[in-house]
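Good morning, and thank you for coming. Please look at the model on the screen while I go through a few of its packing details.

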Amino acid sequence: MTHTLAVRTVDAVAELLADPATTPPETDAASSHRQHLAYGPTGIALLHIERAAAGTGSWKRAHAWLTAAARQPFTSGPDSHPFYGAPALAHALACAAEHLPGAYQRARDSLDRQMSADVRHRLTAANRRADAGRLPDLAEFDTIRGLVGYGAYFLRHDPAGADVRTILDYCVRRTEPITHEDEVLPGWWTPTGPSGRPDDRFPGGHANSGMAHGIGGVLALLALAARRGITVGGHREALHTILAWLDRWQEKTGPGLAWPYWVTREELRSGHLVPSAPKRPSWCYGTVGVARAQQLAALALGRADRQIEAEVAIVAALTDIAQLKATTDNGLCHGFAGLAHVAARTAADAHSSTAGRLRAAVPPLLSAVCPPGTVPEDVARAVTQNEEAGPGFLNGAAGMALALLAPATTATPASAWDSCLLIA
């Protein structure tokens, strides 16, 4: 029943978001969100692309959303990033083109050239900054705004191209220590707070652990590339360096492990984390995302012991009442649907000793989104019309529906929609 409710909720969201002309205004061409993969029409297009690729939806709807998105030019260059502007459109078009040979080819070729040029400019600036001994900004390397996000795109859609290897070289360099103000820091230490802006709460900056904005994303990209047989000099050593850092800062949480969202300069100097309340185990920052990256790294390195440890950590997080209590929404980024999706992806790669436990953790997460007895149309309408969630991809209805599909149908995603999250 839980799985059926989830599938019906996906269908209801798809119906509510069937026509760009009748969807809330934050997705339309005049909106400031238009170019955002996270909030705009390209993210909603991903839902219709996935359903069409799986044979449960219409390519006509997917095309309508892509057309709505592209009625005005998209930003490229320094004002764009993987979730904004030309790269956001490129991701959606590429996901559709995998199932429609030749479709959107001219647009994709143009966007890919723009993105390759952007990568070259970003790498030049990053290497100049590193050579000068300055610390990187989060937006230089992270999954949402930085080079790791570009790496996710090219690894999926042009794995033999030069861009993948240059970005992997950059990622390896990011794991080399840097001396700053007479203190040795990991190469991904940033001088700001987690927002990417100066923050009095983070004097001396921080080291971010997350998949969205931290070293978790770097680890996942290096691991996914290695699993495809694409490696560069120092690749394995870089994987081991990141894993050793995460080992250094992991904490026991009952039967499992957890990792801090970040490490501050004070914590680095003292060698101890400041005690904190249990945090949501989300994709973007939490244990589920970071442990998925570690599982992928363990698979790349052939380390069954590390793989099982990461999988057990996910099971523990998904069955820990305190961590689940900290989860307060149903979205993809840090909500129950996102947890279900990552759990399903992890279970598909899991060791035989943990795969069943991971699969068993999924139904309660689906029930949190679609409680027994609820009307799927009501669930869909509530999240779509919620001002904080809205219809979009990262926090809203489209992302929730996408995240429910694989767990609810026990099928592998038909498109590459989640490659931008570096979980597959």
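This is a predicted model: local features need pLDDT of at least 70, side-chain atom pairs count only at pLDDT 80 or more; totals for chains, interfaces and linings use all residues.

His235 is in contact with Leu168, Val172, Leu222, Ala225, Ala226 and Ile230, once its neighbours within four places in sequence are left aside; contact here means heavy atoms within 4.5 Å. The residue belongs to helix α10, residues 235–249. Helices are DSSP runs of H or I with at least four residues, strands are runs of E with at least two, and both are numbered from the N terminus. His235 counts as buried because its relative accessibility is 2%. Buried means under 20% relative accessible area, exposed means over 50%, and partly exposed lies in between, with a 1.4 Å probe and protein chains only.

Residues are numbered from 1 along each chain as its sequence is written, and side-chain values use heavy atoms, with hydrogens and water left out.

Let me turn to two helix pairs. Two packed helices are described by the angle between their axes and the distance between the axes. The axes of α8 (residues 162–174) and α9 (residues 215–227) come within 10 Å and cross at roughly 130°. That angle makes α8 oblique to α9. Axes are lines fitted to C-alpha atoms, for helices over the stretch in contact, and angles run from 0 to 180 degrees between N-to-C directions. Angles under 35 degrees count as roughly parallel, over 145 as roughly antiparallel, 65 to 115 as roughly perpendicular, and the rest as oblique.

Which residues meet between α8 and α9? Ile167, Leu168, Cys171 and Val172 come from α8, and Val218, Leu221, Leu222 and Ala225 from α9. The residues of this contact divide into 8 nonpolar, no polar and no charged. In this scheme Ala, Val, Leu, Ile, Met, Phe, Trp, Tyr, Cys and Pro are nonpolar, Asp, Glu, Lys and Arg are charged, and the others, Gly among them, are polar.

The second pair is α4 (residues 86–97) with α7 (residues 147–157), packed at an angle of about 25° with axes 11 Å apart. Here α4 is therefore roughly parallel to α7. From α4, Pro87, Ala90, His91, Ala94 and Cys95 meet Tyr150, Tyr153 and His157 of α7. This contact has 6 nonpolar, 2 polar and no charged residues.

Next, the core. The largest nonpolar core has 134 residues, and Leu46, Phe83, Leu222, Trp283 and Phe393 have the most contacts inside it. Such a core is a set of buried Ala, Val, Leu, Ile, Met, Phe, Trp, Tyr and Cys residues joined through side-chain atoms within 4.5 Å. Beyond four places in sequence, Trp283 touches residues including Ile144, Met211, Leu332 and Ile423.

Another tryptophan, Trp259, sits in the loop between β5 (256–258) and β6 (262–264). With 5% relative accessibility, Trp259 counts as buried.

Finally, a point about the backbone. Most residues other than glycine have a negative phi. Asp182, however, has a positive phi of about 65°. Asp182 lies in the loop between β1 (178–180) and β2 (183–185), and at 81% relative accessibility counts as exposed.
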